[in-house]
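This report walks through selected local features of one protein chain. Open the coordinates alongside the text.

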Amino acid sequence: MEKQKYYITTAIAYTSGKPHIGNTYEIVLADAIARYKRQQGYDVFFQTGTDEHGQKIELKAEEAGVTPKEFVDNVSGEIRRIWDLMNTSYDKFIRTTDDYHEKQVQKMFKKMYAKGDIYKGYYEGMYCTPCESFFTESQLVDGKCPDCGRPCVPAKEEAYFFRMSKYADRLIEHIKTHPEFIQPESRKNEMMNNFLLPGLQDLCVSRTSFKWGIPVDFDPNHVVYVWLDALTNYITGIGYDCDGESTEQFHKFWPADLHLIGKDIIRFHTIYWPIFLMSLDLPLPRQVFGHPWLLQGDGKMSKSKGNVLYADELVDFFGVDAVRYFVLHEMPFENDGVITWELMVERLNSELANTLGNLVNRTISMSNKYFGGVVENKNVCEPVDEDLKSFILAVPEKVSEKMDKLRVADAMTEVFSLFKRCNKYIDETMPWALAKEEDKKDRLATVLYNLVEGICIGATLLESFMPDTTKRILEQLNAKERSLDDLKTFGLYESGNKVTEKPEILFARLDIKEVLAKVEELHPHVEEPKKEEKVIDLEAKPEITFEDFGKLQFQVGEIIACEAVKKSKKLLCSQVKIGSQVRQIVSGIKAHYTPEEMVGKKVMVVTNLKPAKLAGVLSEGMILCAEDAEGNLSLMVPEKEMPAGAEIC
C-alpha cells in the first residue's frame, strides 16, 4: 500500500542576516512535526530555504562592499549551517536565486499578466524598506509601518499590480467552508475582519527603484516584487512548471498539507498566496499555521534592541537537544513564549537532568547493581504495575491527539508525564528495599523490567522532539527502535537483554551563577541597567474574613467569541467557555483590546457574580484585569496552559 503523503514547509528565511533563536524556532517546530509524521507512516516532504531578493539585500550588500549574490551566498550558507546544527531533517533547501526558481517566477508573472490578473500602473504611498511593503496613510500606525513599527517614507513609481479583488469573494468562501485552513482561530478572524471583509486593495507586484530581483522578462526595467517571488517557492521547489510540464513529485505532493509560518506574515500566506494560486488554477494548501513569537525577556528579538540570542551560542551552553526541548516546550499554541538564560537553566536542571536523565541513570545503575545489567521480566506483578502500564499505554494516543492539532508543547508535556510516572513508580516500589530481601528478587527484576520498558516507550515518543537523546537512551538500554504501532503493547523489550555497564549522563546540571558569568564575559552589554520599577499604592479597603473571600468563585475561562457592544465606546461582549458552559460577559476594555485579540485567550473570571445588564446587554460574570497608573489594562491570564473551567484558588 502506498504511503499517504505529507508536504510541510517553513517560511523561507530572509537573507538579511544571521537568524536568531526566534527564527530558528520555526525550523525546529517544523522538524518535530515532520519527524512525527514519518513515525506515523507518512511519506513526508519537508521543505525550507532562503528568500534572497529585494531592496534591503541590495542596500546591505552595498554597505558590506560586496555584490548582492556574494552577500546572499554567505548568509544563506550561515542559515543552512544553523538548520543543520539543530539536527533538522529537511528534504529540500531552496534558494530564490536558484535558476529553476527564477525561470518559473518569470513564467508565472507572464501567465498572470496574460490573464489580466496583473496590470501596469503607478504606485504612490508610504513605503517600508525592511518589510518591502507599500501602505496607505490610513494603514499606518502612529505614522509607522503596521507590521514592523519602523518609519515609512513617501514613494512613487511605475509598477505592475495584481487584481486582488478579482479573487477576494472566492477566497472568503474558501475560508468559510474550510475552517481548518487558517490556524489558530484568532489568526483567521484577524484576516477576515481586518483585510478581506473590508475589501482588498490591488497589490504591487513589481519594482523599478532597485535591480536586485528577478527581471520581468517582457519589461526589464521592472523586477518581480519580493512576495510573488518568495511565496512561489512552495511549488517551484517540488517541480512546478508553468507550461504544464510539472514533475511527478509536484503532482504527488501538492497541495501542501501545512505551511508553518510566523504570525507576522500570516496575511501574505493566507490572502496573497491563495489568490496567486487561484490565478494559476492550482489547489490551495490545506492549512496555514501562524505560530507565535519566541521573545527574549519582555520583547521581540531585534538586533537594534540588542536582545538577540543565537542558536549556536545556546547550543554551546546547553547542547542541541536541550535547546530543541526548550524552544518546543516553552511555546504556547497561540501566545508568545519567553526565553531567558535563567529559565533555560531551570528547565534543564529540573526536567532534563532530573526527571529524564536521573530516571535513565538510576534504572541502568540499579540493573547493573542488582542483576549485572541483565533485565529480565519475571512477571511477579502487583496492582501498582497495572496502574503504571495503563498510564504509559495511554500516553501515545494523547501525544497523537496533541500533534494532530499542532499543539507540540502539549505533546511534549504528555511525554514527560510518562517519565514522571516512572519516577513515581520507583518511589512506590522502592527497589532498594526489595533488594534487601532474597525472596523479593524476582519482584525486583520485574520492577526494573517495567522501568526499562516504560523508558523505551517514552524514548520512542521523544524521538520527534529530541532525536539524539532518544538514540542515546536506546543505545544505553540495548533496545531496538520501535514504531508508534509498537507502543500499543507493553512488554516488547526483550527479556534477558543487558544494559550498558556505565550509564552516560544525558544532561549535566548547570549552576545558574556560572552560566550568567559566562554570558557576561561573552556579552558585557547584555545586562542593561534595571529601570526603577513602578509601583502603585492603593487606598486600602476594609478587611474581609476568609469566609468572605470563600464566597467568590474564580475560574479559568476561554473566550470563544467576542464583539463590540453597539452604541458603546467602552464595552466588549465576550462568549466565555467555562467548563461545559458558555457565559456571556461584558467588559469595559474596548480601548485596550479588539474583539479579534480576545478570541482564543484564556482569562481569569469571577463566575458567581450576580448577572447584570450593561448598556442593555446581559453580563454573567467578570473578566479580571490589572490596571496601571495611566489606566492601561492587562488581562489576567494563567501562566501555564489550563483547561477552561479550572478553579483559581
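Asn478 is partly exposed, with a relative accessible area of 42%. Here buried means under 20% relative accessible area, exposed means over 50%, and partly exposed lies in between (1.4 Å probe, protein chains only). Asn478 is not a glycine, yet its phi is positive, about 55°. The residue sits in the loop between H18 and strand S18 (497-498). Helices (H or I, at least four residues) and strands (E, at least two) are DSSP runs, numbered from the N terminus.

Leu406 is another non-glycine with a positive phi, about 65°. Its place is the loop between H14 and H15. Leu406 is buried, at 9% relative accessible area. One runs from Gln183 to Pro184, with omega near -5°. Pro184 lies in the loop between strand S8 (182-183) and helix H6 (185-196). The other joins Trp254 and Pro255, with omega about 10°. Pro255 is in the loop between H9 and S12. Most residues other than glycine have a negative phi, and most peptide bonds are trans.

## Basis of the values

The model is predicted: local features need pLDDT of at least 70, side-chain atom pairs count only at pLDDT 80 or more, and totals for chains, interfaces and linings use all residues. Residues are numbered from 1 along each chain as its sequence is written, and side-chain values use heavy atoms, with hydrogens and water left out.

## Helix H14

H14 covers residues 383-404, 22 residues in all. From first C-alpha to last, H14 reaches 33 Å, close to the 32 Å expected at 1.5 Å a residue. That expected span is 1.5 Å times one less than the number of residues. H14 bends by about 25° at Val395. The bend is the angle between axes fitted to the seven residues ending there and the seven starting there. A proline, Pro396, follows within four residues.

Which residues of H14 are buried? They are Val384, Asp385, Leu388, Lys389, Ile392, Val395, Pro396, Val399, Ser400 and Met403. The buried residues pack against helix H1 (21-39), helix H15 (408-429) and helix H17 (441-462). Just after H14 comes Leu406, with its positive phi.

## Salt bridges

How many salt bridges does the count give? It comes to 38. The rule asks for a side-chain nitrogen of Lys or Arg within 4 Å of a carboxyl oxygen of Asp or Glu. Side chains of opposite charge can pair when their charged atoms come close.

Lys5 is buried at 13% relative accessibility. Asp257 is buried too, at 12%. Glu463 and Arg35 form another bridge, at 3.2 Å from N to O. Glu463 lies in the loop between H17 and helix H18 (467-477) and Arg35 in helix H1, so this pair ties together parts 428 residues apart in sequence. Glu463 is partly exposed at 21%, whereas Arg35 is buried at 13%. Asp485 bridges to Lys488, with the closest N and O atoms 3.7 Å apart. Both of these residues are exposed. Salt bridges with shared partners also join Lys18, Glu78, Arg81 and Asp312 into one network.

Ile544, Phe546, Phe549 and Leu552 make up a nonpolar surface patch. Together they have about 460 Å² of accessible area, from the Shrake-Rupley method with a 1.4 Å probe, where only the protein chains shown count as cover for residues. Patches take residues with over 30% relative accessible area and no salt bridge; like charges are joined within 9 Å, nonpolar side chains (Val, Leu, Ile, Met, Phe, Trp, Tyr) within 5 Å. Ile544 is exposed, at 57%. Its place is the loop between helix H19 (512-522) and helix H20 (546-550).

Lys590 lies in the loop between strand S21 (581-587) and helix H21 (595-598). Lys590 is partly exposed, at 32% relative accessible area. Leaving aside neighbours within four places in sequence, its contacts include Ala564, Val565 and Ser568. Contact means heavy atoms within 4.5 Å.
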